[in-house]
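This briefing covers one protein model, from overall fold down to single contacts. Please keep the structure open alongside the text.

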Amino acid sequence: MKTPYQNDIVNKIRQIRLSRNVSQNQVAEILGVSPGHVGNIETPSCSHKYTLKQLSVLCDEFDVNIESLFINGIENIHQDEIIKRLINCIIEYEK
């Protein structure tokens, strides 16, 4: 099972996907995985999550800054602090 933090990241991608009218099948094509795998990732009770590489690809595809996935309220944080927080957030996501 994913942690609440991992689910939060997955849900952010899901919301971006839905707001752009992109299907799970289209995400699967972008990432080179099966549609079922994307479905498992988006299911909170499944342990599957996006890899950092997949998150990077999706952020590029959706034109979203990857740090905005990991850090809430990023617009109010000084640039030097963003890098420190981002590293800690990625470590937390990878647990």
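Contact here means heavy atoms within 4.5 Å. With sequence neighbours within four places left out, V27 is in contact with R17, V22, V38, Y50, L58 and F62. The model is predicted: local features need pLDDT of at least 70, side-chain atom pairs count only at pLDDT 80 or more, and totals for chains, interfaces and linings use all residues. Residues are numbered from 1 along each chain as its sequence is written, and side-chain values use heavy atoms, with hydrogens and water left out.

**Overall fold**

- The C-alpha trace spans about 40 × 25 × 20 Å along its principal axes.
- Of the contacts with a separation of 6 or more, 56% join residues 24 or more positions apart.

**Burial and core**

- Buried residues are 36% of the 95. Buried means under 20% relative accessible area, exposed means over 50%, and partly exposed lies in between (1.4 Å probe, protein chains only).
- The largest nonpolar core holds 26 residues, and V27, Y50, L55, F70, I71 and Y93 have the most contacts inside it. Such a core is a set of buried Ala, Val, Leu, Ile, Met, Phe, Trp, Tyr and Cys residues joined through side-chain atoms within 4.5 Å.
- Helices α1, α2, α3, α4, α5 and α6 each give two or more residues to this core. The most come from α1, with 5 residues.

**Helix α1**

- Helix α1 covers residues 4-19 and reaches 22 Å between its first and last C-alpha, close to the 22 Å expected. The expected span is 1.5 Å times one less than the number of residues.
- Its buried residues include Y5, I9, I13 and I16. The buried residues of α1 pack against α2, α3, α4, α5 and α6.

**K49**

- K49 sits in the loop between α3 and α4. It is partly exposed, at 21% relative accessibility.
- A polar atom of the K49 side chain lies 2.8 Å from the backbone oxygen of Y93.
- K49 and M1 are 48 residues apart in sequence, yet 9.5 Å apart in space, C-alpha to C-alpha.

How values were computed
Helix = DSSP H or I, 4+ residues; strand = E, 2+ residues; numbered from the N terminus. Polar contact = N/O pair within 3.5 Å; in protein donor to acceptor, adjacent residues only side chain to side chain.
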